[in-house]
Amino acid sequence: ERLKKDLARTVAAEAEREEKRLEERMVEERMAEEWARQVEEAGRLAEQERARVALLEKRMEEEQARQERKRVEEARRLAESERVCLALAETKRAEEAQGRAEQEERARLVKRAKEAKRAAENEERVRLAAAAFKSVEEAQRAAGDRAE
């Protein structure tokens, strides 16, 4: 009877140890599966992160290229604006120079006209004076002829 009890206790203890080993193995397997799942998840997340970083880098490159094109276009516009301003300034200088030349020409023409008028007036005075002198001379001659 005692042997039966000892044997039953031994079998029960052995069964309990076996059950514990099975539980430990199941726990280890679950931990291994969980670890494998976490490794897989970490790999998937890392791949997503690499894809996100690549997309961000591509967007940054596109933005830099867009900004560079914008800077080049702005520089082009500024250069064109500067060329237009220089051309306008040159045109204004030319117009001012032409205006001065025309004003000087008008001044010369006015001066010549005044000189011509003065000369004509002087000629008229000389002619009138000569005519008056001639009239006086004729009058004196006539008076002298009468006196004789």
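Me: Which residues form a negative surface patch?
Reply: This is a predicted model, in which local features need pLDDT of at least 70 and side-chain atom pairs count only at pLDDT 80 or more, while totals for chains, interfaces and linings use all residues. Residues are numbered from 1 along each chain as its sequence is written, and side-chain values use heavy atoms, with hydrogens and water left out. Patches are made of residues with over 30% relative accessible area and no salt bridge, like charges being joined within 9 Å and nonpolar side chains (Val, Leu, Ile, Met, Phe, Trp, Tyr) within 5 Å. The negative surface patch is formed by Glu16, Glu19, Glu23, Glu24, Glu28, Glu29 and Glu33.

Me: Is Glu28 buried or exposed?
Reply: Glu28 belongs to helix H1, which covers residues 2–147; helices (H or I, at least four residues) and strands (E, at least two) are DSSP runs, numbered from the N terminus. Buried means under 20% relative accessible area, exposed over 50% and partly exposed in between, with a 1.4 Å probe and protein chains only. Because its relative accessible area is 52%, Glu28 is exposed.

Me: What is the radius of gyration of the protein?
Reply: The protein has 1 helix and 0 strands, and its C-alpha atoms fill a box of roughly 215 × 15 × 5 Å along the principal axes. The radius of gyration is taken over C-alpha atoms, and the globule rule is 2.2 Å times the number of residues to the power 0.38. For a compact globule of 148 residues the value would be near 15 Å, but for the protein it is 62 Å.

Me: How far apart in space are Ala119 and Leu3?
Reply: Ala119 is found in helix H1, where it is partly exposed, with a relative accessible area of 34%. In sequence, Ala119 and Leu3 are 116 residues apart, and their C-alpha to C-alpha distance in space is 168 Å.

Me: What share of the 148 residues is buried?
Reply: The protein exposes about 13,800 Å², of which carbon and sulfur atoms supply 57%; accessible areas come from the Shrake-Rupley method with a 1.4 Å probe, and for residues only the protein chains shown count as cover. Of the 148 residues in the protein, the buried share is 0%.

Me: How far apart are the closest N and O atoms of Arg93 and Glu90?
Reply: Arg93 and Glu90 both lie in helix H1, 3 residues or about one turn apart. Arg93 is partly exposed at 47% relative accessibility, and Glu90 is partly exposed at 45%. In their salt bridge, the closest N and O atoms are apart by 2.8 Å.

Me: Which residues are linked with Arg21 in a network of salt bridges?
Reply: The side chain of Arg21 meets that of Glu14 in a salt bridge (3.4 Å, N to O). Arg21 counts as partly exposed at 35% relative accessibility, and Glu14 is partly exposed at 37%. The residues linked with Arg21 in the network are Glu14, Arg17 and Glu18.

Terms used:
A salt bridge is a side-chain nitrogen of Lys or Arg within 4 Å of a carboxyl oxygen of Asp or Glu. Lys and Arg count as positive and Asp and Glu as negative; His and the chain ends are not counted. The place of a charge is taken as NZ of Lys, CZ of Arg, CG of Asp or CD of Glu.
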